[in-house]
Amino acid sequence: MGQCLGCYQVDQSNVAIKEQFGKFIDVLEPGCHCLPWCFGYQIAGGLSLRVQQLDVKCETKTKDNVFVNVVASVQYRAVADKASDAFYKLTNTREQIQSYVFDVIRASVPKLELDAVFEQKNDIAKAVEDELEKAMSTYGYEIVQTLIVDIEPDVNVKRAMNEINAAARMRLAANEKAEAEKILQIKRAEGEAESKYLSGLGIARQRQAIVDGLRDSVLAFSDNVPGTSAKDVMDMVLVTQYFDTMKEIGASSKSSSVFIPHGPGAVRDIAVQIRDGLLQGNAAN
């Protein structure tokens, strides 16, 4: 109804292109405008000044012959002062931007290897933005920002990269495990050595205590029982130890049968055998 009366409303963040008999006259700002259609005035179209985003997916090849899909997001908007250029000079803005993105990405990525593409994605985005800014400013558009939002290699390449990464991590884990086992073995050996050393000290002290006790017993017995010699005392001590040993063997649940002499002269024979064995051992040493 407003257009029939010659009035036209332009919404906020938009502009309208005013023509008279098909010729560009002016850019109308947001608000209400009077357009007497009888004089040939009309609205050729409108243009949004809002920031728009275009996602471009480009397939290309890296320097090491790996095909990747690079996704670039371009944020752009029409410049109010150049609204007429944006309206009249381009038929399809999105296709124009997409062509420039393809051109820059396919010129930049083939110079880099796959790992470098991931590392230098900001440089690729900056190159795309600079090229778009230089080209699209002529047509009345401003490039707000350009982002490389995704770099997706071929499925087989991704699988191989994951396997390489997994193998490297497994190798590192194996090295760490081997190092830990090495440390455990060293500590275990050190502990066993220390244990054996302390055990040896204990045995040596035990034997020294036994020798000291036997010496004291022999001396005390010789002093208290007149007419006995040190040899008699030692024979008695040896026989006593012999029977203590037999008692321990019999008390053990895993012991076998042991046959010992039981005649009247058995005790003396045992003492003689023990003494002869000790003498032979000393002579051999």
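Here are some friendly notes on side-chain contacts in this predicted model.

1. Some ground rules to begin with. Local features need pLDDT of at least 70 and side-chain atom pairs count only at pLDDT 80 or more, while totals for chains, interfaces and linings use all residues. Residues are numbered from 1 along each chain as its sequence is written, and side-chain values use heavy atoms, with hydrogens and water left out.

2. Let's start with the rings. There are three aromatic pairs, where rings of Phe, Tyr and Trp (its six-membered ring) pair if their centres lie within 6.5 Å, with planes under 30 degrees apart called stacked, over 60 edge-to-face and the rest tilted. F24 and Y88 make an edge-to-face pair, at 5.7 Å centre to centre and 75° between the planes. This pair links distant parts of the chain, 64 residues apart: F24 is in strand β3 (residues 23-28) and Y88 in helix α1 (residues 83-88). Helices (H or I, at least four residues) and strands (E, at least two) are DSSP runs, numbered from the N terminus.

3. Y88 also pairs edge-to-face with F87, at 5.0 Å and 85°. F24 is partly exposed at 31% relative accessible area, as is Y88 at 38% and F87 at 24%. Here buried means under 20%, exposed over 50% and partly exposed in between (1.4 Å probe, protein chains only).

4. Two charges sit over rings (NZ of Lys or CZ of Arg within 6 Å of the ring centre and within 35 degrees of the ring normal): K18 over the face of Y41, at 4.6 Å from the ring centre, and R106 over the face of F102, at 4.8 Å.

5. On to the salt bridges (a side-chain nitrogen of Lys or Arg within 4 Å of a carboxyl oxygen of Asp or Glu), of which there are five. One of them joins R77 and E142, with the closest N and O atoms 3.0 Å apart. R77 lies in strand β7 (residues 67-78) and E142 in strand β8 (residues 141-153), so this bridge ties together parts 65 residues apart in sequence. R77 is partly exposed at 32%, and E142 is partly exposed at 29%.

6. Helices have bridges too. K126 and D130 approach to 2.9 Å; they are four residues apart in helix α4 (residues 121-136), about one helical turn. E190 and K187 come to 3.9 Å and are three residues apart in helix α5. K187 is exposed at 54%, whereas E190 is partly exposed at 44%.
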